[in-house]
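Biologist: I'm new to this one. Could you walk me through a few of its parts?

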Amino acid sequence: MVPNVSHDFPCIVQKFGGTSIGKFPLNIVQNVIKLTVLWNELNEVRLLRAYKDTLCPQSSHYRTIIQGLRAEHIQAVHAYIRSPNIARRLIKEISDECVRILDALGAAHVIRAISPDTLDRVVSAGEKLACLFLSGILQDQGVSSELIDLSQAFDFPPDQIINQVFYDELSTSLGRIVRASRVTVPVVTGFFGRIPGGLLARIGRGYTDLCASLLTIGLGAEELQVWKEVEGFYTADPRRVPNARLLPTISPEEASELTFNGSEIIHFLAMGQAMRSKLPIRVKNVMNPRGEGSLVQSDFVPTNSDIANSLGKSFEQVVDSSSILRAQRAKGPSAMTSKHNIVVVNVYSKERFLRPSFFMDIIAVLGRWQLSIDLVCTSQVQLSMAIHSHVPLTSGGGEDISMTKHDLLGAVEQLQEIGTVQVLRRMAMISLVGRNMRCSSGTAGRIFTVLGDNNINIEMIAQGRSSCPSFLMRTLVFADTSVI
């Protein structure tokens, strides 16, 4: 069954990041939240550090981390909460939650064992702390609010299959839980329950975006608002391209490709659910609540102004119908995004003729070491793979290059049993996204000319999903290359 947004629940779901809540709590409460369901996630970095510290036999640093987390939340309560009764209640609830976190970490420290369930429990507690704080601020401001903790809301079976049926049923259940609330602004945790194998392991860190999307669909709400510290989707990264323009409207296909290929504004799983249900998603800036942001909308047909904006021309230059039609047919890229810290692994077959299992064996090795592939190019006796990480996977230069991540080192050692392995480091992947690019001739030529004029060599080229109207050209270029 494909759920549809029926607009039978007059609300907007707003999803906030933990960083934004830490920096701008009163601005969010006073200038952003109106007649909405609020969404929130906590910055997980310190909790993940505490979790990893439990594996060190002689270390008790995890206790210091949790105590610091408790102190910061209590300090925030004193700084932002005026009501003594609300402040006392919040401090007790925060302290109790930190005790529960320490008990879970302490048990893991004693048995020297890590488990997805323990990790999920720690992460869910962190989100609960942030939601308790924000709900308390709302109550202190005279807004009817309560915390809805989803971490214990569901009891998934051990053999739970994560598929579309699961997402549809979860969406309905989330809507039912929030509908039961009688307050004006429920504050909902992004963690929606421990599942076999771990929520982080099976869904990933984008589970908060996914849960916000599913809740919006289950409520039949008007739209999902994702509040960031950026205005929305741009034609390029404004930190690197000063004249990048904000895209007021963008199709889900384009937004999905941009998200997957570097513009990590909305998680691709959340975008996929929104596309299926024709759910509008609006990206807004928490520091500029009055800004329109970017609207991700299904069946988006570019207006005259949209076409002019993407082409970099004035409205008058494309105002007549014939030129508008030509512009729609020959529209170039809507936006460009990039990824850095790319490592390319080339595997060459040791045999003259390719054996049938060559590609399968390589993919199996990468899956075993949990390495994600962003880009693949193949020939009869070679497979080239681009692997991306938020942290560098290699260090050094020339002959001094070394693997800094255990997973990559282990994968390369096993791949050497299959064929000759070559590793290229410090690469960057450039992605161009736009609807109707297949109808635009000369785009690839202009890209190659710009790269050539700047002495940038092209390593790999691939096309985006053929099932969607957007055309994605991904060019992997040398930023600084070494071969081992």
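Biologist: Which residue in β7 is the bridge partner of K228?

Modeller: Keep in mind that this is a predicted model. Strand β5 covers residues 224-228 and pairs with strand β7, residues 281-285, in the parallel sense over five bridges. Within that pairing, K228 has as its bridge partner in β7 residue N285.

Biologist: And on the β1 side, which residue in β5 is the bridge partner of F16?

Modeller: Strand β1 takes in residues 12-16, and it pairs with β5 over four bridges, again in the parallel sense. For F16, the bridge partner in β5 is W227.

Biologist: How many of the residues of β5 are buried?

Modeller: Buried here means under 20% relative accessible area. By that cut-off β5 is mostly covered, and of its five residues the buried ones number four.

Biologist: On to the helices: are α9 and α11 roughly parallel or roughly antiparallel to each other?

Modeller: Helix α9 spans residues 207-219 and helix α11 spans residues 268-276; their axes lie 7 Å apart, at an angle of about 20 degrees. Angles under 35 degrees count as roughly parallel. So α9 and α11 are roughly parallel.

Biologist: Does α9 pass α11 in a left-handed or a right-handed crossing, and how many residues of their contact are nonpolar?

Modeller: The crossing of α9 past α11 is right-handed. From α9, D209, L210, S213, L214 and I217 meet L269, A270, Q273 and A274 of α11. Sorting the residues of that contact gives one charged, two polar and, for the nonpolar ones, six.

Conventions:
Residues are numbered from 1 along each chain as its sequence is written. This is a predicted model: local features need pLDDT of at least 70, side-chain atom pairs count only at pLDDT 80 or more; totals for chains, interfaces and linings use all residues. Side-chain values use heavy atoms; hydrogens and water are left out. Axes are lines fitted to C-alpha atoms, for helices over the stretch in contact, and angles run from 0 to 180 degrees between N-to-C directions. Helices (H or I, at least four residues) and strands (E, at least two) are DSSP runs, numbered from the N terminus. Angles under 35 degrees count as roughly parallel, over 145 as roughly antiparallel, 65 to 115 as roughly perpendicular and the rest as oblique. A crossing is left-handed if the near helix is turned anticlockwise from the far one by less than a right angle, and right-handed if clockwise. Contact means heavy atoms within 4.5 Å. Ala, Val, Leu, Ile, Met, Phe, Trp, Tyr, Cys and Pro count as nonpolar, Asp, Glu, Lys and Arg as charged, and the others, Gly among them, as polar. Buried means under 20% relative accessible area, exposed over 50%, partly exposed in between (1.4 Å probe, protein chains only). Two strands pair if DSSP finds at least two bridges between them.
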